[in-house]
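Trainee: I would like to go through the charged side chains of this model. Please show the sequence and structure.

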Amino acid sequence: MTDKSSDAFRTISEVSAALDIPPHVLRFWETKFTSLRPLKRSGSRRYYRPDDVALLTRIRDLLYKDGFTIKGAQRFLKSKEALASTVTVADAVTGIEASDFAAIQAILDSARKRLASVKSQLQP
């Protein structure tokens, strides 16, 4: 992006250039993803907060890299929001977000399978 602070608001042209997405696509995404609400000032000029830019980056990756449809990306983001809003005691104590638990579980399941495979190879 530009030489702005990481906390600075960005215009649609700055975000468009940084994400390599045309401005009309960013405006279209605003209609499809309700959690994306840039600040609008005089003349409907949009100013994107750092959180908005992060969300746009996630949407771009879901649609263009991961192959999601718009409806699929909407569902995925809603499920992530629901999962992230569920706070357990373990989250509060350890600082781990709920969305990280799924990734940790997948890693542990993979390790368990590899250990079981090694164990079966070592047994006579």
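Trainee: Is Lys 32 buried, partly exposed or exposed?

Mentor: The model is predicted: local features need pLDDT of at least 70, side-chain atom pairs count only at pLDDT 80 or more, and totals for chains, interfaces and linings use all residues. Residues are numbered from 1 along each chain as its sequence is written, and side-chain values use heavy atoms, leaving out hydrogens and water. Buried means under 20% relative accessible area, exposed over 50%, and partly exposed in between (1.4 Å probe, protein chains only). The relative accessible area of Lys 32 is 36%, so Lys 32 is partly exposed.

Trainee: Which residue forms a salt bridge with Asp 52?

Mentor: A salt bridge requires a side-chain nitrogen of Lys or Arg within 4 Å of a carboxyl oxygen of Asp or Glu. Asp 52 counts as buried at 6% relative accessibility. The closest N and O atoms are 3.2 Å apart, and the residue paired with Asp 52 is Arg 49.

Trainee: Which helix holds both Asp 61 and Lys 65?

Mentor: Their side chains, Asp 61 and Lys 65, form a salt bridge at 3.6 Å, N to O. Asp 61 is buried at 17%, whereas Lys 65 is exposed at 62%. Helices are DSSP runs (H or I, at least four residues), numbered from the N terminus. Asp 61 and Lys 65 are 4 residues apart, about one helical turn, in helix H3.

Trainee: How many salt bridges does the structure hold?

Mentor: One of them joins Arg 112 and Asp 109, with closest N and O atoms 2.8 Å apart. Arg 60, Asp 61 and Lys 65 are linked in a network. The number of salt bridges in the structure is 5.

Notes: Helices (H or I, at least four residues) and strands (E, at least two) are DSSP runs, numbered from the N terminus.
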